[in-house]
Amino acid sequence: MDGLRPTRRALPVRRWAAYATCAWTLAGYGTLKLYWALGGTALASSAPLPRSGREELVAQTTGTMVGHWVSVGLVLLGALAALATVRSWGHVLPRRLLTVPMWITGALMVLRALGALGFGFVGDVMVLTGVLHVDPPDAEIAHHLSRVDLLLWSPYFLVWGLLWGATAWATPRRPAR
């Protein structure tokens, strides 16, 4: 083997990673952001945001609505990037143009899930166990948000980040032109 042609085993792994990343991007985050951009409010009040951010999300301010549409565009771009790693039309793009953003995105998502960027497993557990003090007026909502984040958002971002990493890792090197 010349190192450039995928083995029989590498091709299914590459396809699995790319299609799983695309599906996870569109079906989860993309669907929610599109729903919010179209005026939906489900899960908005339990989004792991500071109070002012949740209030803006529920109130559907112009800024948050624009942000949702920008997110929808980024989701579509991300889904196309994942597909570009396994589709013939994606071979016209330089590998690094695809993989560097994927590695960065994956790392940021894993860091977010773990709690290095504010919310995440560590912060949620600290709030729920009382290690991190929350003022009494905000304690009930903080515990609720921590439970939702611990059971929904953090696992979602962890899997999503790992999928981006797997897609970047499985993207083949391309021969020099």
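Colleague: Before anything else, what counts as a helix or a strand here?
Modeller: Helices (H or I, at least four residues) and strands (E, at least two) are DSSP runs, numbered from the N terminus. This is a predicted model, in which local features need pLDDT of at least 70 and side-chain atom pairs count only at pLDDT 80 or more, while totals for chains, interfaces and linings use all residues. Residues are numbered from 1 along each chain as its sequence is written, and side-chain values use heavy atoms, with hydrogens and water left out.

Colleague: Fine. How many helices and strands does the chain come to?
Modeller: Six helices and zero strands. From the N terminus on, the order of elements is α-α-α-α-α-α.

Colleague: What box do the C-alpha atoms fill?
Modeller: Roughly 65 × 35 × 20 Å, taken along the principal axes.

Colleague: And how much of the chain is buried?
Modeller: Of the 177 residues, 38% are buried. Buried means under 20% relative accessible area, exposed over 50%, and partly exposed in between, with a 1.4 Å probe and protein chains only.

Colleague: What share of the contacts is between residues 24 or more positions apart?
Modeller: Such pairs account for 70% of the contacts in the chain with a separation of 6 or more. Contact means heavy atoms within 4.5 Å.

Colleague: Let's look at H5. Which of its residues are buried?
Modeller: H5 covers residues 121-129, and Gly123, Asp124 and Val127 are buried in it. Seen down the axis of H5, the buried residues fall within an arc of 100°, so they line one face of the helix. The arc is that of the directions from the helix axis to the C-beta atoms.

Colleague: What covers them?
Modeller: The cover includes helix H6, residues 136-170.

Colleague: At what angle do H5 and H6 pack?
Modeller: About 160°, with their axes 9 Å apart. That makes H5 roughly antiparallel to H6. Axes are lines fitted to C-alpha atoms, for helices over the stretch in contact, and angles run from 0 to 180 degrees between N-to-C directions. Angles under 35 degrees count as roughly parallel, over 145 as roughly antiparallel, 65 to 115 as roughly perpendicular and the rest as oblique.

Colleague: Is that crossing left-handed or right-handed?
Modeller: H5 and H6 cross in a left-handed way. A crossing is left-handed if the near helix is turned anticlockwise from the far one by less than a right angle, and right-handed if clockwise.

Colleague: Which residues make the contact?
Modeller: On the H5 side, Phe121, Asp124, Val125, Val127 and Leu128. The H6 side includes Ala142, His143, Leu150, Pro155 and Leu158. By class, the residues of this contact are eight nonpolar, three polar and three charged. Ala, Val, Leu, Ile, Met, Phe, Trp, Tyr, Cys and Pro count as nonpolar, Asp, Glu, Lys and Arg as charged, and the others, Gly among them, as polar.

Colleague: What happens just after H5?
Modeller: Gly130 takes a positive phi of about 85° there.

Colleague: Which residues other than glycine have a positive phi?
Modeller: Leu43 is one of them, with phi near 70°, and Gln60 has a positive phi of about 55°. Most residues other than glycine have a negative phi.

Colleague: Where are those two?
Modeller: Leu43 lies in the loop between helix H1 (10-37) and helix H2 (51-59). Gln60 lies in the loop between H2 and helix H3 (62-84). Leu43 counts as partly exposed, at 38% relative accessibility, and Gln60 is partly exposed at 27%.

Colleague: Back to H6. How does H4 cross it?
Modeller: The axes of H4 and H6 come within 7 Å and cross at roughly 155°. That makes H4 roughly antiparallel to H6, and the crossing is left-handed. The contact of H4 with H6 has 13 nonpolar, seven polar and three charged residues.

Colleague: What does Val110 touch?
Modeller: Val110 lies in helix H4, residues 95-114. Leaving aside neighbours within four places in sequence, Val110 is in contact with Phe157, Leu158, Gly161 and Leu162. Val110 is buried, with a relative accessible area of 19%.

Colleague: Last one: is Ala37 buried or exposed?
Modeller: Ala37 is buried, at a relative accessible area of 7%, and its place is in helix H1. Apart from neighbours within four places in sequence, Ala37 is in contact with Met65, His68 and Trp69. Ala37 and Trp153 are 116 residues apart in sequence and 19 Å apart in space, C-alpha to C-alpha.
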